[in-house]
Amino acid sequence: MTAIKYELIKKDKQTGARLGVVHTPHGSFDTPAFMPVGTQATVKTMAPEEVKEMGAGIILSNTYHLWLRPGNDIIREAGGLHKFMNWDRAILTDSGGFQVFSLSDMRKIEEEGVHFRNHLNGDKLFLSPEKSMQIQNDLGSDIMMAFDECPPFPATYEYMKASVERTSRWAERCLTAHTNTDKQGLFGIIQGGEFEELRKQSAKDLISLDFPGYAIGGLSVGEPKDVMNRVLEFTAPLMPDNKPRYLMGVGSPDSLIDGAIRGIDMFDCVLPTRIARNGTFFTSKGRLVIKGAANARDFGPIDDKCDCYTCKNYSRAYIRHLFKAEETFGMRLASYHNLHFLMKLMEKIRQAIREDRLLDFKEEFFEEYGYNKP
Ligand SMILES: O=c1[nH]cnc2c(CCNCC3CCCCC3)c3[nH]c(NCc4cccs4)nc3cc12
Ligand SMILES: [Zn+2]
């Protein structure tokens, strides 16, 4: 059987949303799904058991970081990333390319690959489609991402066209280099910025290579949300109906709902754990910054609509104290709640698709969250 299989359960009658299941060698997960990010082989401050109990069937880890530290050789010798980090469900690794574009300013893109400097010690480094496949193979992830260029936003049509054509050539090289083991699935990444012609060309090139799944790249890089939604509107329908669609780097609660409505199945974003570390919480009534003085004597939960461990056992006053005292337990409680909030949001989206009422759900959620406020 191929490493990755997508099972389409049903389509929402109101929108392009679909309910599905992705099957991997390390178990299956329901879609639309949010995938917690574990950049350096850990979902920051969370134990794997906690990530499991909040319902995650897949997490992400980062090829670029793990290649540099501790090194893909050490992880291979440890028996692979699942064993190394004690996570026995699915893992998706990115190609490492995006970090090169977002972390290292010193870089040179050539046909062969990308030359750049190690952001930790300044050493000269080189990453190519073949090198990326070798590292991901050593990590042993269930879903690997093709090596692509995520162009800067905005970019000229000429730059974007040349970039899309190179990304398509790199995708073919990834497929050739990919050991095509039954263990690992390789996803192609559709680029093209906001240009419909280029998105069509990128999709056509990649679909002809018959990947088990596809991602939409080049978004959530600073463009306005209506631009992202417009690009999704004409890009998602270009993608095979019977394969997973992964929107990279998204996102905030409104973007998760808007992405699901346009037919996206998989999402990843560093937001929930990143904002948790400075005491910002997702709640049903919008974001809450816990350090605000108003919370000093608030003995209620972070969110009275939430049933997570944090909200069942600790008050806003206590959590504010932990952050003011720089106690790391505060970051754990915040990470747990924020991840749980997004996992619960995805469950509500899946339920709304089952009931053919995703647009109604969006209205209700946006109203209560405060997205409709001017
Ligand atoms: O075209 C793309 N190609 C490849 N990766 C992309 C990513 C990284 C997705 N998360 C990877 C994770 C792997 C595991 C560790 C954490 C990242 C993107 N992230 C964003 N926006 C969010 C952004 C985050 C930072 C700057 S923009 N747009 C993205 C576009 C691309
Ligand atoms: Zn909670």
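Reply: Let's start with the zinc ion (ligand 2): its four donor atoms subtend angles of 101 to 115°, which makes the arrangement tetrahedral (four donors count as that if all angles lie between 85 and 135 degrees). The donors are Cys306 (SG), Cys308 (SG), Cys311 (SG) and His337 (ND1), at 2.1 to 2.3 Å. A donor here is an N, O or S atom within 2.8 Å of the metal (3.2 Å for Na, K and Ca), and water is not among the atoms, so sites may look incomplete.

A word on what you're looking at: this is a predicted model, where local features need pLDDT of at least 70 and side-chain atom pairs count only at pLDDT 80 or more, while totals for chains, interfaces and linings use all residues. Residues are numbered from 1 along each chain as its sequence is written, chains are lettered from A and ligands numbered from 1 in the order in which they are written, and side-chain values use heavy atoms, with hydrogens and water left out.

Back to the zinc ion (ligand 2): along the chain, its donors follow the spacing C-x1-C-x2-C-x25-H. Cys311 sits in helix α12 (residues 309-313) and His337 in helix α14 (residues 328-354), so this pair ties together parts that are 26 residues apart in sequence. Helices (H or I, at least four residues) and strands (E, at least two) are DSSP runs, numbered from the N terminus. Cys311 and His337 are both buried, meaning under 20% relative accessible area; exposed is over 50% and partly exposed is in between (1.4 Å probe, protein chains only).

Next, have a look at Lys305, in the loop between β16 (286-289) and α12. Lys305 forms a salt bridge with Glu368, with the closest N and O atoms 2.5 Å apart; the term means a side-chain nitrogen of Lys or Arg within 4 Å of a carboxyl oxygen of Asp or Glu. Glu368 belongs to helix α15 (residues 358-369), and the pair links distant parts of the chain, 63 residues apart. Lys305 is exposed, because its relative accessible area is 55%, whereas Glu368, at 33%, counts as partly exposed.

Lys324 is another lysine to find, in helix α13 (residues 316-324). With 51% relative accessibility, Lys324 counts as exposed. Between Lys324 and Ile290 there are 34 residues of separation in sequence and 9.4 Å in space, C-alpha to C-alpha.

Terms used:
Tetrahedral: all angles 85-135°; square planar, octahedral: opposite > 155°, others 65-115°.
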